[in-house]
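Please look over the sequence and the model that follow, and keep both in view while reading.

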Amino acid sequence: MLEVTDLNVSYGAVNAVQGVALRADTGKVTLVLGANGAGKTTSLRAIAGYHKPKSGSVLVDGVDLAGRRAHTMVRNKLVLVPEGRRVFSTLTVEENLRIGGYRASRGAADATIAEVYEQFPILADRKDSQAGLLSGGEQQMLAFGRALMSQPKVILMDEPSMGLAPTMVDSVMTKVREIADGGIAVLIVEQNADAGIRIADDVAVITRGKTVWNGAAADADKAAVHAVLGESAFDENA
Ligand code: ATP
């Protein structure tokens, strides 16, 4: 469904990503691990059309969309749930959802909102509340719901557990699994490797802007993954 090869992204003279390869398959969760500054966020933003890559391919359903802008990616069924959730805090929950479904007709958006409320009952309960008044976990659910409003086939998620209480992390991860089980390809960046591995089918490890390991989560020997992440973190501090 999503296949990224040899992705290269720079900020001026800084080559932040230089050889990232990732894939995400329908109904599966691919977990992306890497130390701080490894290039995970940059990769996700480049794939989703928020930052133009220097080179590489981004195949969605076999079509190379590398370098297309975010609205084109959304039209092609790929959407990013950004780091920090970025809900519109002064708008209500339902208004946030409607923004996610802005391309659909009113009737189609109403039907999708009903599905989102079914999947996230907490959002139905809070539909008239200002999004800024929700807890961090509820805002994360809203960010997922808003992404689902565009009826994506691929969802990229950037650190959904960031800043959440441990019990909330479990609920959010369970929702991530459910979203994939609903027939969506999920590519998730997560600092919380243990929580991520519990729900992942596949794992990719990025070190210094490059994919250094790719494989089934069952084969992602924890010690090996931690060794890679630990070593890169150590090098960066050296
Ligand atoms: P973290 O987990 O800390 O968010 P990350 O793996 O997501 O890390 P990125 O945020 O993608 O890493 O950063 C990759 C590299 O690009 C880092 O060296 C970072 O300093 C650099 N970088 C990120 N954003 C910019 C920017 N806007 N301008 C210049 N350099 C940047």
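## A residue in a loop

Lys77 has a relative accessible area of 27% and is therefore partly exposed, given that buried means under 20% relative accessible area, exposed over 50% and partly exposed in between, with a 1.4 Å probe and protein chains only. This is a predicted model, in which local features need pLDDT of at least 70 and side-chain atom pairs count only at pLDDT 80 or more, while totals for chains, interfaces and linings use all residues. Residues are numbered from 1 along each chain as its sequence is written, and side-chain values use heavy atoms, with hydrogens and water left out.

Lys77 sits in the loop between helix 2 (70-75) and strand 6 (78-81), where helices (H or I, at least four residues) and strands (E, at least two) are DSSP runs numbered from the N terminus. When its neighbours within four places in sequence are left aside, Lys77 is in contact with Ser150, Gln151, Pro152, Lys153 and Val154, contact meaning heavy atoms within 4.5 Å. With one of these residues there is also a polar contact, since a polar atom of the Lys77 side chain lies 3.4 Å from the backbone oxygen of Gln151. A polar contact is a pair of N or O atoms within 3.5 Å; within protein, one must be able to donate a hydrogen and the other to accept it, and residues adjacent in sequence count only if both atoms are side-chain atoms. Thr207, by comparison, is 130 residues from Lys77 in sequence and 28 Å from Lys77 in space, C-alpha to C-alpha.

## Backbone angles and another loop

Most residues other than glycine have a negative phi. Lys77, although not a glycine, has a positive phi of about 75°, and Arg85, also not a glycine, has a positive phi of about 70°. Arg85 is placed in the loop between strand 6 and helix 3 (93-100), and its relative accessibility of 9% is the reason why Arg85 counts as buried.

Arg126 belongs to the loop between helix 5 (121-125) and helix 6 (136-148), and it counts as partly exposed because its relative accessibility is 23%. Not counting residues up to four places away in sequence, Arg126 touches Val93, Leu133, Leu134 and Glu138. Thr92 is 34 residues from Arg126 along the chain, and the C-alpha atoms of the two are separated by 8.5 Å.

## The ligand and its surroundings

Which residues are around the ligand? They are Tyr11, Ala16, Ala35, Asn36, Gly37, Ala38, Gly39, Lys40, Thr41, Thr42, Glu159 and Gln191, a residue being near a molecule if one of its heavy atoms lies within 4 Å of it. By class, this shell has four nonpolar, six polar and two charged residues; here Ala, Val, Leu, Ile, Met, Phe, Trp, Tyr, Cys and Pro count as nonpolar, Asp, Glu, Lys and Arg as charged, and the others, Gly among them, as polar. Helix 1 (residues 40-47) gives the largest share of the shell, three residues.

| Residue | Atom of the residue | Distance to an oxygen atom of the ligand |
|---|---|---|
| Asn36 | polar side-chain atom | 3.5 Å |
| Thr41 | backbone N or O atom | 2.8 Å |
| Thr42 | polar side-chain atom | 2.5 Å |

Taken alone, the ligand exposes 640 Å², and the protein buries 59% of that; accessible areas come from the Shrake-Rupley method with a 1.4 Å probe, and for residues only the protein chains shown count as cover.

Thr42 is found in helix 1, and it counts as buried because its relative accessibility is 8%. Apart from its neighbours within four places in sequence, Thr42 is in contact with Val9, Tyr11, Ala16 and Val17.

## The chain as a whole

The secondary structure of the protein chain comes to nine helices and ten strands. Its radius of gyration is 17 Å, close to the 18 Å that the globule rule gives for 238 residues, so the chain is as compact as a globular protein of that length; the radius is taken over C-alpha atoms, and the rule is 2.2 Å times the number of residues to the power 0.38. Of the 238 residues in the protein chain, 50% are buried. Among the contacts with a separation of 6 or more, 70% are between residues 24 or more positions apart.
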